[in-house]
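Keep your viewer open and follow along. Each stop tells you what to select next and what is there.

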Amino acid sequence: MIFLDELDTEIAIDPTVDDETIIKVNNLEKRFFLLKGGNVLDIEDINLEIKKT
């Protein structure tokens, strides 16, 4: 089994230029840990907006 086999099928997006937001993320947080070292890196307040183009 190939790991990509479990992905959903592609979704067709109309290629016309548009200012519509298709993905928006606000206040995302990510923390990285080491098993023996504890907390290594904290990233906070990540905001991302992807528009249809």
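Select aspartate 45 to begin. This residue sits in strand S2. In this predicted model, the phi angle of aspartate 45 is near 55 degrees, a positive value in a residue other than glycine. Aspartate 45 counts as exposed because its relative accessible area is 51%, and the cut-off for exposed is over 50%.

Now go to asparagine 27. Its place is in strand S1. Asparagine 27 has a relative accessible area of 51%, so it is exposed.

**The whole chain**

Zoom out. How many helices and strands does the protein have? The count is 0 helices and 2 strands. Strand S1 covers 21-34, and strand S2 covers 38-51.

Of the 53 residues, 2% count as buried. Look at contacts between residues at least 6 apart in sequence: 44% of them join residues at least 24 apart.

**The salt bridges**

Colour the charged side chains next. The model has 4 salt bridges. Select Glu29, Arg31, Asp42 and Glu44 together: salt bridges link them in a network.

Centre on arginine 31. Its side chain meets that of glutamate 29 in a salt bridge, 3.1 Å from N to O. The side chain of arginine 31 also meets glutamate 44 in a salt bridge, at 3.4 Å, N to O. Arginine 31 is in strand S1 and glutamate 44 is in strand S2, so this pair ties together parts 13 residues apart in sequence.

How accessible are these residues? Arginine 31 is partly exposed, at 36% relative accessible area. Glutamate 29 is partly exposed at 44%. Glutamate 44 is partly exposed, with 44% relative accessibility.

Move on to lysine 51. It forms a salt bridge with glutamate 49, and the closest N and O atoms are 3.2 Å apart. Lysine 51 is partly exposed, with a relative accessible area of 35%. Glutamate 49 is partly exposed too, at 40% relative accessibility.

**The nonpolar patch**

Select Phe32, Leu34, Val40, Leu41 and Ile43. They form a nonpolar patch on the surface, and together they have about 430 Å² of accessible area. S1 and S2 each supply at least two residues of the patch. Which strand gives the largest share? S2 does, with 3 residues.

Pick out isoleucine 43 from this group. It lies in strand S2. Its relative accessibility is 30%, so isoleucine 43 counts as partly exposed.

Now show phenylalanine 32 and lysine 30. Lysine 30 lies over the face of phenylalanine 32, at 5.1 Å from the ring centre. Searching for aromatic pairs gives 0 in this structure.

Finish at glutamate 20. This residue lies in the segment before S1. Which residues does glutamate 20 contact, leaving aside neighbours within four places in sequence? They are Ile50, Lys51 and Lys52.

Draw a distance line from glutamate 20 to isoleucine 50. The two are 30 residues apart in sequence, while their C-alpha atoms are 8.7 Å apart in space. Glutamate 20 has a relative accessible area of 41%, so it is partly exposed.

Methods:
Residues numbered from 1 in each chain as written. Predicted model: local features only at pLDDT ≥ 70, side-chain atom pairs only at ≥ 80, totals over all residues. Heavy atoms only, no water. Patch = residues over 30% accessible without salt bridge, like charges linked within 9 Å, V, L, I, M, F, W, Y side chains within 5 Å. Areas by Shrake-Rupley, 256 points an atom, 1.4 Å probe, with all protein chains shown as cover. Helix = DSSP H or I, 4+ residues; strand = E, 2+ residues; numbered from the N terminus. Buried < 20%, exposed > 50% of the residue type's maximum accessible area, 1.4 Å probe, protein only. Phe/Tyr/Trp six-rings, centres within 6.5 Å; stacked < 30°, edge-to-face > 60°. Lys NZ or Arg CZ within 6 Å of the ring centre and 35° of its normal. Contact = heavy atoms within 4.5 Å.
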